[in-house]
Amino acid sequence: MATFLLQKLAPYFIAPLYWLLSKTWRIQELGPTPVLDHYVQTEARAPCVYAHWHGDELVLVAYYSFRRLAVLSSLSKDGTIMARALQLLGYQVFRGSSSKGGARGLIGLIKAVKEGSQAALAVDGPKGPIYEVKPGVVELALRTGKPIIPVRTRCDRAWYVPRAWNRSYLPKPFARVEVEYGEPLFLTTPTESNMQLCAKIKKALDVIPGQSSQN
């Protein structure tokens, strides 16, 4: 009963408090002008797949809220709480991960992107290793024909999740937050192996400064 109540009620406390905190952040968007103009700073945002490291998720969930992005949430009990919180923040949520139920979740993402949505994926999730790109994002890009756009975040002051494998952090109230995009990667022709394509995505993410290099 306690677990059931936690899963049902916790999102209604977590989502609004988290959203209110994020409204105090001073966010600056950086990156190539065509990316900002075509995918980010316009209401008619073109379909794409945002690729990010898992450690940036606590920034990006708030940043992308109420844009109807398609995302994955795991099938675990914690994933159930996360899924409902994400729905309250305006996301299209598909259940599954690279470790369980992945095919079903990926099919949902593919369908959403083909229908015109943007998607976001923590490419080293759900359990790492950190900064190691998993092939799910490659499959998503190849199946939809939409570009992968690397994105990273950083801020001037934050709380850090103790002993977290992903070095996750949450900006403090009134923090200065930078969200930086890289050049789009088009993987429409699978002439390279998944390993080579994953390496390209990792390289595109690694050239963008992140929070780990700031502290």
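Which residues are linked with Arg 154 in a network of salt bridges? Glu 178 and Glu 180 are, where a salt bridge is a side-chain nitrogen of Lys or Arg within 4 Å of a carboxyl oxygen of Asp or Glu.

Hi everyone, a word on the basis before the details. This is a predicted model, in which local features need pLDDT of at least 70 and side-chain atom pairs count only at pLDDT 80 or more, while totals for chains, interfaces and linings use all residues. Residues are numbered from 1 along each chain as its sequence is written, and side-chain values use heavy atoms, leaving out hydrogens and water.

The closest N and O atoms of Arg 154 and Glu 178 are 2.7 Å apart. This pair links distant parts of the chain, with Arg 154 in strand β6 and Glu 178 in strand β9, 24 residues apart; strands are DSSP runs (E, at least two residues) and helices likewise (H or I, at least four), numbered from the N terminus. Arg 154 is buried at 8% relative accessible area, whereas Glu 178 is partly exposed at 27%. Here buried means under 20%, exposed over 50%, and partly exposed in between, with a 1.4 Å probe and protein chains only.

Now helix α7, residues 194-206. Leu 197, Cys 198, Ile 201, Ala 204 and Leu 205 are buried there. Met 195 and Lys 203 are exposed on the face turned away. Also in α7, Asp 206 and Lys 202 form a salt bridge at 3.0 Å, N to O, and they sit about one helical turn apart because four residues separate them.

How values were computed
The expected span of a helix is 1.5 Å times one less than its number of residues.
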